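Dear colleague,

I am writing to hand over the structure below. Please look through it before reading the notes that follow it.

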Amino acid sequence: MTADGHGAEGTDAAGGSTPRRIYGIETEYGITCALPAGAPGAAISADDAARYLFRKVVAWGRSSNVFLPNGARLYLDVGSHPEYASAECDDLRQLVANDRAGELILDRMTEDANVLLAAEEVPGTIHLFKNNLDSAGNSYGCHENYLIRRRRDFQAVGEALVGYFVTRQILTGAGHIRPRPGGGATYAFSQRADQMWDAMSSATTRSRPVINTRDEPHADAEHYRRMHVIAGDTSVAETTTMLKVGMTDLLLGMIEDPAAGSGSVRDLALAEPMRAIREISRDLTATTAVELSDGRRVSALEYQSEIHERVRAWIDESGFTLSSSQERVVDLWERGLEALRTQDYDAVSTELDWAIKYRLIERYRAKHTLAWDDPRVARLSLAYHDISARHGLARPLAARGLMARVTTDDEVEAATNEPPATTRAALRGRFVAAAQARRRDITVDWVHLKLNDSAHRTVALKDPFSPVDERVEALLEAVEEPA
Ligand SMILES: Nc1ncnc2c1ncn2[C@@H]1O[C@H](COP(=O)(O)OP(=O)(O)OP(=O)(O)O)[C@@H](O)[C@H]1O
Ligand SMILES: [Mg+2]
């Protein structure tokens with residue numbers, strides 16, 4: 001921690017760990033109610049299914065927008081997809097556990113909702129998907145949030161970062177069976193690539209930008225911004241989530257380090273990012289060249305290799321000691337690029353979503369001689385994203401050593417109740433848990449904790465890095481007092 005209490009600095013000197021950063025992932029889940037094959041009638045709509053899913057939450061929290069004892073936010077907006085926003089994390093393994101905990105919570109809610117459907121004799125089974133596109137072509141997102149230092153050259157740095165986010169799909173895309181205009185289908189890196197319409201903008205729904213610039217830091221606005229990244233595919237494999245956030249955190253660390261600075265990426269802005277994102281998604285060799293603002297042409301593979309090299313050099317020069325998760329990130333990043341260079345996807349086919357899914361589908365296609373546009377292939381692909389412990393493929397794939405893990409089942413289970421211990425989320429989690437146990441009425445958001453009693457005590461937690469606060473201890477005592 002530094003004197004100003006922000007805790008993110010003080011690591012500029014050689015050695016030590018990379019600068020601390022707050023990050024969180026929001027995931028909108030796909031939802032559908034499916035009838036057994038050949039069953040007559042129609043299943044309930046996705047909206048109705050979502051209402052069944054949230055019935056218990058609404059009964060318990062009196063709202064479909066609640067904060068949980070693990071520090072996360074669970075909500076359902078009118079007419080939209082169930083969403084889980086992870087608690088603020090400052091460690092990759094912690095983030096993966098909190099994100100996976102959301103999956104587990106929602107899977108259990110789905111099981112309950114299906115019991116409810118059966119009891120009410122409503123036909124069908126609800127399924128939740130960690131993907132980005134439903135059968136009607138609607139897209140929903142997985143947003144990453146990174147706390148970054150406020151800076152005057154945000155626009156210029158942002159343009160280079162857009163290039164990074166557009167090209168990183170060759171590593172972190174979730175894989176997509178993409179219908180070909182003239183018929184048939186091919187395999188692409190990303191489901192989300194065809195759904196993005198803008199590079200940087202403050203609107204999320206209308207223009208769907210790669211980086212959302214709405215200025216809502218949930219922290220001291222004088223020093224920080226929250227960078228809201230809309231462009232990523234939702235990750236299924238824990239290692240892909242780890243890589244996606246881990247490599248971005250390191251890149252941001254380099255840009256924010258005065259020794260490297262924004263000059264370390266400024267030359268990497270793309271001339272036409274929205275054209276590039278589509279072209280790159282469709283080329284599994286990652287060799288299609290796209291144009292940079294300065295007229296140079298590079299492939300996504302060259303672009304990402306360049307970023308990787310610069311970040312590696314920055315780490316070496318700074319003499320940082322990486323955490324074991326960060327070591328894993330740098331290694332997987334490198335091996336992912338090498339797999340593309342050699343076109344030997346098997347080198348990463350237990351770690352990167354697009355490659356895991358590709359191998360799964362290719363084996364199935366070969367066994368049954370199926371084309372990419374066969375409905376059975378589409379069903380297998382969808383099952384990859386189904387979060388159900390019973391119907392989804394992630395669990396059996398992991399059990400057979402075909403999908404690597406970052407966490408253990410015990411860690412994920414614990415993270416359904418326990419907030420990250422090292423960030424502001426720890427305070428929120430304790431407050432929510434205490435209020436639940438005492439049945440006290442509270443109002444919570446990312447920054448505020450409020451006890452709705454006659455005194456209307458509210459604490460504003462402006463420092464997301466801090467897991468301790470005397471005012472919260474006093475508030476917790478008030479929660480324990482008889483109302
Ligand atoms: N100061 C912060 N810096 C970085 N990330 C943060 C910070 N505070 C909260 N977060 C993370 O940002 C995410 C916010 O999720 P939420 O869905 O509420 O986002 P939003 O975009 O602000 O709202 P909405 O989805 O309703 O538009 C969470 O994952 C949370 O952990
Ligand atoms: Mg959100």
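This is a predicted model: local features need pLDDT of at least 70, side-chain atom pairs count only at pLDDT 80 or more; totals for chains, interfaces and linings use all residues.

Helix pair. The axes of helix α9 (residues 353-368) and helix α10 (residues 375-385) approach to within 10 Å, with a crossing angle of roughly 150°. Since angles over 145 degrees count as roughly antiparallel, α9 and α10 are therefore roughly antiparallel to each other. Their crossing is right-handed. On the α9 side, the contact is formed by Lys357, Leu360, Ile361, Tyr364 and Arg365, and on the α10 side by Val377, Leu380, Ser381 and Tyr384.

Annotated residue. UniProt, in an unreviewed entry, lists Asp77 under "active site". Asp77 lies in the loop that runs between β4 (73-75) and β5 (83-85). Asp77 is exposed, because 12 other C-beta atoms lie within 10 Å and the exposed class covers counts of 12 or fewer.

Positive phi angles. His218 is not a glycine, yet has a positive phi of about 50°. His218 sits in the loop between β11 (209-212) and β12 (224-229), and is partly exposed, with 19 other C-beta atoms within 10 Å. Arg439, also not a glycine, has a positive phi of about 55°. Arg439 belongs to the loop between α13 (425-438) and β15 (442-444). Arg439 counts as exposed because it has 7 C-beta neighbours inside 10 Å.

With kind regards

Note on methods. Residues are numbered from 1 along each chain as its sequence is written. Chains are lettered from A and ligands numbered from 1 in the order in which they are written. Helices (H or I, at least four residues) and strands (E, at least two) are DSSP runs, numbered from the N terminus. A residue is buried if 20 or more other C-beta atoms lie within 10 Å of its own, exposed if 12 or fewer, and partly exposed in between; C-beta atoms are placed from the backbone. UniProt positions are given in the numbering used here, feature names are shortened, and annotations may be inferred rather than shown by experiment. Axes are lines fitted to C-alpha atoms, for helices over the stretch in contact, and angles run from 0 to 180 degrees between N-to-C directions. Angles under 35 degrees count as roughly parallel, over 145 as roughly antiparallel, 65 to 115 as roughly perpendicular and the rest as oblique. A crossing is left-handed if the near helix is turned anticlockwise from the far one by less than a right angle, and right-handed if clockwise. Two residues are in contact if their C-beta atoms, placed from the backbone, lie within 7 Å.
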